[in-house]
Amino acid sequence: MTPIENITFAEALEDYICSKDKLLSPATVRGYRTMQRTSYERINDILISELSEKTIQRWVNSLADKYSSKTIRNQVGLLTVVLHQNGINLNMKSITLKPKIKPEYNIPTENDIQRIALAVKNTSIEVPIIIALTLGLRQSEIAGLRWEHYDGTYLKIKCAVVPDENHKLVVKDENKSYAGRRIIEVPDYLKHILDNSEHSSERISPHSPNYIWKHFNRICEENGIPHFTIHSLRHANASAMLKLNIPDKYAMERMGHSTPNMLKQVYQHIFRDEQRKVANKMNDYFNDILK
C-alpha cells in the first residue's frame, strides 16, 4: 500500500469512490465521477499530505467563474471527505466559498397547470406529466412506478430509476430517503387516466426521463406554454399545498421529505397569481389612505 504522504489527490479521490461505490446511490456515484473528470485538474497531481488551506482556497477561487455556488459546495464537500478518509483534517471552515444566490424558480400558475393538462391529453407523456402535477413525484420516482404499485386507489412509491456513472438507467430499490417510501391516494383526475391506460409495459410510465423531457418541451412550445422543467411540476404541487394551508407534516409525507427544510426553503413558492393579488391589495390599501 502506498503511504498516505505519497498519494496524490487524484489517487485518493479514485480510492474514495471505489471504496463506497456499492454503498452509495448510482446517482451519487455518477455525480462523483462527473466532478472527478471536470473539477480537480488544479490539485489532482498534488500530494494530499501537501494540500493546505491556502492551496484549496486558490483552487476554489479558480472555480468561481465556471460553477454555481451549489456545485462548488458539492466539489469542496467531496474533497473534504476524501481528505478525512486519509486522516487529513484541515480547517475547511476557513475556506471562503462563492456566496449562495437565492434561485429563481419558474413555477406553473393555476392557468398554466390547466393548459399543460389539456396540451398533454391523450399524448404519450400524459401519464408522467399528470403524476408530476397531481402527486408531486420526482422524475426518477415516476420512472420507477410499476402497475403492481397501483391498486386502483393508492400508489406505492418504493423505488426509482436513475442513471449510473455510465449514464445507463438502473433501478434503485431504495428511494432518496426513508421518507421517500410512501403510499399516496390517487386524485380522481389521475385515477381516471390510469384506469383507462393500456398496460403495454410493467412500468406505468415506460418512457425514459429524457424522452419525457424532450416531448414536454415540444408540446409546451407548440401550445404557447412557458418553458417548464418536469421538476417545476413538483414545485407547483408543493406550492398548491401551501396555498391550501396543508400542514408541513402532511406536505412532507406527500413529497417524500424527511425534514421540512427543503419544503420551506425550496418548494413552497406562492403562485404568481397570488403574489399579484397581494400586491394589488397593498396597492389599493395605500391608494385609499394616501390619496
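Which residues lie nearest the centre of the second largest pocket? We'll get to that after a look at the whole protein.

## The big picture

This is a predicted model, so local features need a pLDDT of at least 70 and side-chain atom pairs count only at pLDDT 80 or more, while totals for chains, interfaces and linings use all residues. Residues are numbered from 1 along each chain as its sequence is written, and side-chain values use heavy atoms, with hydrogens and water left out.

The protein has 13 helices and 4 strands. Both are DSSP runs numbered from the N terminus: helices are H or I with at least four residues, strands are E with at least two. The C-alpha atoms fill a box of roughly 65 × 65 × 40 Å along the principal axes. Of the 291 residues, 39% are buried. Buried means under 20% relative accessible area, exposed means over 50%, and partly exposed is in between, using a 1.4 Å probe on protein chains only.

Now for contacts, meaning heavy atoms within 4.5 Å. Among those between residues at least 6 apart in sequence, 68% join residues at least 24 apart.

## The pocket

Back to the opening question: Leu-133, Thr-134, Asn-237, Ala-240 and Leu-244 lie nearest the centre, out of 19 lining residues. Two or more lining residues come from each of α5 (110-120), α6 (126-135), α10 (230-243) and α11 (248-255). The largest share is from α10, with 5 residues.

A pocket here is an open set of points on a 1 Å grid over the protein atoms alone, where a 1.4 Å probe fits, with protein on both sides within 12 Å along at least five of seven lines; lining residues have an atom within 4 Å of a point. This one holds about 500 Å³ of space, counted as the space filled by probe spheres set on the points, with points joined across faces, edges and corners. Its lining divides into 13 nonpolar, 3 polar and 3 charged residues. Nonpolar covers Ala, Val, Leu, Ile, Met, Phe, Trp, Tyr, Cys and Pro; charged covers Asp, Glu, Lys and Arg; the others, Gly among them, are polar.

In α2, Val-29, Tyr-32, Arg-33, Met-35 and Gln-36 are buried. Down the axis they fall within an arc of 165°, so they line one face of the helix. An arc is that of the directions from the helix axis to the C-beta atoms. Their cover includes α1 (9-20) and α4 (69-85).

In α8 (residues 188-195), Leu-190, Ile-193 and Leu-194 are buried. Their arc is only 95°, which puts them on the same side of α8. They pack against α6, while Asp-188 and His-192 are exposed on the other side. Why do such patterns turn up? An α-helix has 3.6 residues a turn, so residues three or four places apart point the same way.

## Two loop residues

Ser-205 sits in the loop between α8 and α9 (209-222). It's buried, with a relative accessible area of 2%. Leaving aside neighbours within four places in sequence, Ser-205 contacts Pro-128, Ile-142, Leu-145 and Ile-212.

Ala-64 is in the loop between α3 (53-63) and α4. At 24% relative accessibility, Ala-64 counts as partly exposed. Not counting residues up to four places away in sequence, Ala-64 touches Ile-72 and Lys-98.
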